[in-house]
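The points below are grouped by topic and should be read alongside the sequence and the model.

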Amino acid sequence: MAGFKQGMRYRILILAVAVVFLFCADGARVLYLQVVKHDDLAAKAESQQLSDTEVKAMRGTIYDSDGNILAQSATVWNIFIDPSNIKKEETRTTVVDGLANFLEFDEKEKKQLYKDSQKKTKYVVVAKQVENSVKEKIAKYSADHLLGNIIGTEQTTRRYYPYDNFASSVLGFTGGDNQGLSGLEAYYNKELSGTNGRIITVKDANSNRLPTDYETSIDAIDGNSLVLTINQPIQYYLEKGLKEALNEYQCKGTYGIVMNCNTGAVLAMASMPDYNCNEPYKITYSKYKKDIQKEKTKKDKAKKESEYVQNQWRNFTVNDTYVPGSVFKTFMASAALEENVVNLDTTYTCTGGIQVDQYWMKCHYHAGHGTQTLTQGLENSCNPFFITIGQKLGAHNYFKYFDAFGFTQTTGIDLPGEATPQYYPEDQYGIVELSSASFGQTNSLTPIQVATGMCAIANGGTLIKPYIVAEIKDANGNTIKKTEKKEIRRVISEDTSEKVRGMMKSVVENGTGKNGYVAGYRVGGKTGTSTKLGESKPGEKDKYIVSFAAIAPADKPEIVVLVLADEPNVDLGGGALCAPIAAQVTEQAMQVYGIEPKYDDSEIREQSVAVPSVIGGTAENAKKIIKESNLKYIVSGSGDAVVDQSPSAGSMIPKNGIVVLFTDKDKKTKVKVPDFTGLTISEATNTAAGKNLNIKIGGNSLTDENVVAYSQSVQKDTEVEEGTVIDVSFKSTKSVLD
């Protein structure tokens, strides 16, 4: 009996130990779950009970200097389905047919949607960035067919560029996730992006969302907006001119910058070929398209297309360097005048070349320019003259001004990927290197560096920092940052600046830059050509990049214009290819700045006169008034009174221009506009008169020698009323590779 009791006690003890052990184990497990694994389990429970949806912040808007929208975001929607809630094949068909219809899917896309609807998952995106009008139709369809637990929508944003290609190399574009990938969109991505919000909703046991009573939301904070220094009219004319030159001369590229020389603000900037910001992966340049088609295999075509797409994205004016050529002679003249190694009376006799060590360095005019003053040397872009100037200046002083003009470092402009200049350091200048550098060869600079340096010459001698964003504003329109003018250093004196500006003015009036002339404004300029050494294949002619730099007005500058043409298919210099573009842009910029033209006596003689108003009077009296205004008339109709006239009263037409007087209400004669391209000024004037049309002469009208029309405001064969004024621009075809 005693043994039985002892066994029972032993068994009870074991049972008690087991119970205690189990309680301890359970306690430890509870402690582990509640303390150690608390955060993980809480998150898991929350994910099963809560739906957390991110609400994209609206990306900030980009404006031009006048408040026009260049880039903005709008609300769009992602469409998704929950295949796990599709219980019947009939329901699946309803979902697939409805979505395919509203989303305009083709058969292949519809089959994929059907496959997606069979997946063992709760979330499949079927369309991204759908417009609100389509989303509303889908939402109504879903409600009508009780598909609310199957078809869902998510709010997101999409970037729009209202003007497509306009300023594309500056603006850049965004990717599918609304992150900036290029241009200002990339550089200012953090400021533009904003902070995303959230919508947190409770889910039921089947993971379906409960009514909005259980919903919590955190508002998104929209991104900041940018106000640019870009002026729309100036940018338009720059792009127009560059695109015309690109296509006419089948260039590798054409590039341009317009800057306010007194503040550093970039008024226009473009690189051609450009692209549509809304379709950045689409090839736009016809030459590129032809090159791609020449490739034989699909792989090679794709490789070439990828290369050209990336070329279109590049902003050459900032991202690449080039040898500036003879435009650099303006900086050499500035340095030499500042150091008093030359003056305006200094002369040099050019014989067509100069011996430098064992090299014979040629002038572009092989016969030689003869004896010239410093100003004439710049007018003629004489290489030997500037080689001697460089030698007088010496390597130390040369490099001192090279550095002072900002050519040894990047400008710091607020755009991505600014290239680093390539140059010889001071201790590597021998007589050959110095001589070559003195007429703009040897060193490679970015266009934005050259334009910024030119601003220092134009504004009285101070180097300033370029910028393209004037203001940053928050989502409520409050200015949170404003760019102020930043002076870096004084480079040359005001006296030297004035002298060089005068020399540049003479280049346009008497030298290689005549196509930069704009009537009523004193424009200074300098042409340039540089050989792209090492880029020509054996048997090919040399490849060039040609350019023209302008300042206007030369007596009190407001702007600097730099235009470049890369590898044109003709042997013409910057005076023929680039100066006409600069002239058109300059004329537009002067109007934007409200600077009235000041005509000299010769220009006044060529200027237009205002058409008087003669409507309502007798035809005989109208004839008299027209004649007294130094104009000609044509009467159209058989009535006694003038019922209409063309051009209208107040229009400006050339002296001896034609005014058509209509004496019958319904009788207005129309004529086809002729093609003025290639005609001289006198030929174009006579051609217009033969059609009873008027032309307004623009561009280079300093001389009729080698001057022909290259652009007209109304396309050929367009029907217009008799008396209409056609703007025709002229340029000289006589040019040198200087």
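Two strands are taken to pair if DSSP finds at least two bridges between them. Helices (H or I, at least four residues) and strands (E, at least two) are DSSP runs, numbered from the N terminus. In β20, Y544 is the residue that stands opposite T531.

The model is predicted, and local features need pLDDT of at least 70, side-chain atom pairs count only at pLDDT 80 or more, while totals for chains, interfaces and linings use all residues. Residues are numbered from 1 along each chain as its sequence is written, and side-chain values use heavy atoms, with hydrogens and water left out.

**Overall composition**

- The chain contains 23 helices and 31 strands.
- Buried residues (under 20% relative accessible area; exposed is over 50% and partly exposed in between, with a 1.4 Å probe and protein chains only) account for 49% of the 738 residues in the chain.
- Contact means heavy atoms within 4.5 Å. Among contacts between residues at least 6 apart in sequence, 72% join residues at least 24 apart.

**The five-strand sheet**

- An open sheet with antiparallel pairing is built from five strands in the order β10-β9-β21-β20-β19.
- Its edge strands are β10 (266–272) and β19 (524–531), each of which pairs on one side only.
- From one strand to the next, the twist averages 10 degrees. Axes here are lines fitted to C-alpha atoms, for helices over the stretch in contact, and angles run from 0 to 180 degrees between N-to-C directions.
- Strand β9 (residues 253–260) pairs with β10 in the antiparallel sense over six bridges, and V266 in β10 is the bridge partner of M259.
- β19 and β20 run antiparallel and are joined by eight bridges.
- Eight bridges also join β20 to β21, again antiparallel, with V563 in β21 as the bridge partner of F548.

- A hairpin of six residues connects β20 to β21.
- E558 lies in the loop between β20 (544–552) and β21 (559–566), and the residue is partly exposed, with a relative accessible area of 21%.
- Leaving aside neighbours within four places in sequence, E558 is in contact with M259, N260, C261, N262, A552, P553, Y593 and I595.
- The C-alpha atoms of E558 and T263 are separated by 9.2 Å, although the two residues are 295 apart along the chain.

**Helix α15**

- Helix α15 (residues 383–404) has 22 residues, yet its end C-alpha atoms are only 23 Å apart, short of the 32 Å that a straight helix would reach at 1.5 Å a residue. That expected span is 1.5 Å times one less than the number of residues.
- α15 bends by about 100 degrees at G394, the bend being the angle between axes fitted to the seven residues ending there and the seven starting there.
- Of the 22 residues in α15, 16 are buried.
- G406, which follows α15, has a positive phi near 90 degrees.

**Nonpolar cores**

- A nonpolar core is a set of buried Ala, Val, Leu, Ile, Met, Phe, Trp, Tyr and Cys residues joined through side-chain atoms within 4.5 Å.
- The largest such core has 131 residues, of which L228, V258, M269, Y398, F405, M454 and I468 touch the most other members. α15 gives the most to this core, with 10 residues.
- Apart from neighbours within four places in sequence, M454 is in contact with V327, T330, F331, M504, A549, I551 and V560.
- A second, separate core of 17 residues includes V95, V96, I150 and I151.

**The three-strand sheet**

- Three strands form an open sheet in the order β23-β26-β24, with mixed pairing.
- β23 (632–636) and β24 (644–646) stand at the edges with a single partner strand each, so one side of each is left without a neighbour in the sheet.
- The twist averages 25 degrees from one strand to the next.
- β23 and strand β26 (residues 658–662) run parallel and are joined by five bridges; S636 stands opposite F662 in β26.
- Helix α22 (residues 619–628) packs on the sheet, touching β23 and β26, and its direction makes about 155 degrees with that of β23.
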